[in-house]
Amino acid sequence: MRTPLTAALRRIVLLPGFALGVSLAATPAAAQELRDQYHTAPRDTVSQEVYDGWKQYNLNCARCHGEDVLGTTIAPHLLVSLKPAGPVNTKEQFVQTVCAGRADKGMPSWCALGMELPTIDKIYSYVKARADAKVAPGRPAVKRTG
Ligand code: HEC
């Protein structure tokens with residue numbers, strides 16, 4: 001048996017649900033917009049190696065050497081260090097410097113901190129690609145293979 005009172009109650013309960021349904025339907029576009037604001041769209045597609053290097057660089061190095069390898073006031077500008085006439089112009093020199101660090105000068109010893117050599121290789125690939133202007137500033141995307 002349905003009394004007018006329960007019918008009225010049902011309407012009160014159902015209406016917000018309907019409104020919610022409508023707003024949920026609108027969320028995919030809104031969520032995409034939020035994602036776009038949170039992560040700027042990738043500009044370059046790169047290899048998995050360079051992408052991993054970008055991530056590891058940002059996790060471990062950017063706070064001193066600058067986001068996008070653009071330098072800060074506290075540590076060398078690595079795009080300059082990697083130039084042909086720069087102090088770290090070979091992969092070997094880069095890997096060796098990063099592994100050993102210069103503890104007395106504020107550059108951490110990454111191998112002692114547990115960083116694996118393949119990770120340093122990946123970071124080199126990213127920093128070198130930035131130095132060679134093959135990767136623009138910002139978040140790169142992984143190139144699809146196959
Ligand atoms: C806590 C700050 C800090 C962090 C984090 C840091 N560095 Fe450094 N790095 C320095 C400083 C300071 C120097 C300069 C040392 C000196 O005066 O010789 C340096 C020097 C270097 C050099 C030598 C540059 C040159 O021109 O001689 C390389 C290469 C380098 N860092 C790479 C890295 C990489 C790769 C990472 C991340 C794995 C990293 N650094 C993380 C502070 C930092």
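This short report walks through the ligand, its pocket and the disulfide in a predicted model.

## Ground rules

Because this is a predicted model, local features need pLDDT of at least 70, side-chain atom pairs count only at pLDDT 80 or more, and totals for chains, interfaces and linings use all residues. Residues are numbered from 1 along each chain as its sequence is written, and side-chain values use heavy atoms, leaving out hydrogens and water.

## Around the ligand

Let's start with the ligand. It has 23 residues around it, and the closest are Cys 61, Cys 64, His 65, Ser 81 and Met 107 (a residue is near if one of its heavy atoms lies within 4 Å). Sorted by class, this shell holds 15 nonpolar, five polar and three charged residues. Here Ala, Val, Leu, Ile, Met, Phe, Trp, Tyr, Cys and Pro count as nonpolar, Asp, Glu, Lys and Arg as charged, and the others, Gly among them, as polar.

Now for some polar side-chain atoms. One from His 65 lies 2.7 Å from a ligand nitrogen atom. Ser 81 has one 2.6 Å from a ligand oxygen atom, and Arg 102 has one 2.7 Å from an oxygen atom of the ligand.

## The pocket

Where does the ligand sit? You'll find it in the largest pocket, meaning that more than half of its atoms lie within 2 Å of the pocket's grid points. A pocket is an open set of points on a 1 Å grid over the protein atoms alone, where a 1.4 Å probe fits, with protein on both sides within 12 Å along at least five of seven lines; lining residues have an atom within 4 Å of a point.

The volume of this largest pocket is about 450 Å³, counted as the space filled by probe spheres set on the points. Its lining has 23 residues, and His 65, Ala 75, Pro 76, Leu 78 and Met 107 are the closest to its centre.

## The disulfide

The whole structure has one disulfide, a pair of cysteine sulfur atoms within 2.5 Å. Cys 99 is joined to Cys 111, with 2.0 Å from S to S. The torsion about their S-S bond is about -120°, so this disulfide is left-handed.

Conventions:
Polar contact = N/O pair within 3.5 Å; in protein donor to acceptor, adjacent residues only side chain to side chain.
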